[in-house]
Amino acid sequence: MPRKRKLLLLGGTGEALRLARELEGNSRVHCISSLAGRTEEPVRPPGEVRIGGFGGVPGLTTYLMNEAIEMVLDATHPFASQIARNAHDACLKLGIPRAKLVRPPWSPSPGDRWTIMPSISAAATFLRFHPARRIFLTLGRQELGPFVPLGEEGERNGSARWFLTRMIDPPGDGIRLPRGEIVLGRGPFQPEEEKALMQKHQIDMLVTKNSGGAAGKIAAAAELHLPVLMIDRPPLPPGEILDSVGAALAWINIYAV
Ligand code: NAP
């Protein structure tokens, strides 16, 4: 029987999970899924899984050598720019083939009220000068800091912002949250439930990263004609870009001969 090729699959996304499922039992590829370990109860991919950071480029380089990894598929989130850069640098150093699987971004349809923001802090600054008062924040719990002052400023004259903040796990101690309410949940969410949530909380602005993929909130905001602050993606490292699980499987097959 031919030797299986060792693939490191950098994950933490639905696409990585689907890819690991597709590769389960593959006779030519041994897939090791890697998760950062941020969520308390991640959906565990089938096959071998490792959890936690590698320790920057040096740690990742050592890992790739020790495990004799022969290809790296970076299927991390489009906003996970540090691990993407680290994977690029480590693979370049070792001459290991690497590609980035990244789902296409959302783009506005006619009538959508998007304002594109270059960063999360730029979105918070923009909000300071915007009349929206009840804001739906769909960002990570580590990304909420710039919005905290907006919930405090203007409390005396009633102009302070109120935030509906959605996250997967409860925020835990030591995280400062913007004034308002937290809603816990793991997507994908259907447009109808998103619309009902926005209406229930009288939301007048959505703030989201341009993650791409299934997007009930985008459809709901469009239907409610709500303004959206769309945070633009960080640049990707140079190298091959794959835009679907099918394309990623085809890429893996090239190196699995
Ligand atoms: P990041 O800023 O690019 O990475 C920060 C550090 O976390 C990396 O330097 C690495 O630590 C570790 N890391 C990240 N992804 C890893 C992986 N798959 N396996 C092992 N270590 C990993 O990443 P992030 O934005 O914090 O995202 C963390 C994870 O959550 C990623 O797996 C990503 O796919 C997922 N995720 C992110 C978002 C988002 O909006 N950013 C949304 C949904 C899911 P070391 O330097 O120690 O190796």
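A charge is taken to sit over a ring if NZ of Lys or CZ of Arg is within 6 Å of the ring centre and within 35 degrees of the ring normal. By this criterion, the charged end of R166 sits over the ring of F189, 3.7 Å from its centre. R50 likewise lies over the face of F54, at 3.9 Å from the ring centre. The structure is a predicted model, in which local features need pLDDT of at least 70 and side-chain atom pairs count only at pLDDT 80 or more, whereas totals for chains, interfaces and linings use all residues. Residues are numbered from 1 along each chain as its sequence is written, and side-chain values use heavy atoms, with hydrogens and water left out.

Axes are lines fitted to C-alpha atoms, for helices over the stretch in contact, and angles run from 0 to 180 degrees between N-to-C directions. Contact is defined by heavy atoms within 4.5 Å.

K100, in strand β5, counts as buried at 2% relative accessibility. Not counting residues up to four places away in sequence, K100 touches D74, T76, H77, A84, L236, E240, I241 and L242. S34, in strand β2, is buried as well, with a relative accessible area of 5%. Leaving aside neighbours within four places in sequence, S34 is in contact with L8, L9, L10, G11, R50 and F54. The C-alpha atoms of S34 and A215, 181 residues apart along the chain, are separated by 25 Å.

A further open sheet is formed by six strands in the order β6-β11-β10-β7-β8-β9, again with parallel pairing. Strands β6 (113-117) and β9 (180-184) stand at the edges with a single partner strand each, so one side of each is left without a neighbour in the sheet. Strand β7 (residues 134-138) pairs with β10 (residues 205-209) in the parallel sense over four bridges; the bridge partner of T138 in β10 is T208. Helix α4 (residues 120-128) packs on the sheet, touching β6, β7, β8 (162-167), β10 and β11 (227-231), and its direction makes about 150 degrees with that of β11. In helix α7 (residues 216-223), G216, K217, I218, A220 and A221 are buried. The buried residues of α7 pack against β6, β7, β8, α6 (191-200), β10 and β11. Just after α7, H225 takes a positive phi of about 60 degrees.

Rings of Phe, Tyr and Trp (its six-membered ring) were paired if their centres lie within 6.5 Å, with planes under 30 degrees apart counted as stacked, over 60 as edge-to-face and the rest as tilted. A search of the whole structure finds three aromatic pairs. One of them, F147 and F163, is edge-to-face, with 5.9 Å centre to centre and 70 degrees between the planes. F147 lies in the loop between β7 and α5 (148-152) and F163 in strand β8, so the pair ties together parts that are 16 residues apart in sequence. F147 counts as buried at 0% relative accessibility, as does F163 at 0%.

With a disulfide defined as a pair of cysteine sulfur atoms within 2.5 Å, a search of the whole structure finds zero disulfides. C31 is in no disulfide, the nearest cysteine sulfur, that of C91, being 14 Å away. C31 counts as buried at 10% relative accessibility, and C91 counts as buried at 2%.

Notes:
Two strands pair if DSSP finds at least two bridges between them. Helices (H or I, at least four residues) and strands (E, at least two) are DSSP runs, numbered from the N terminus. Buried means under 20% relative accessible area, exposed over 50%, partly exposed in between (1.4 Å probe, protein chains only).
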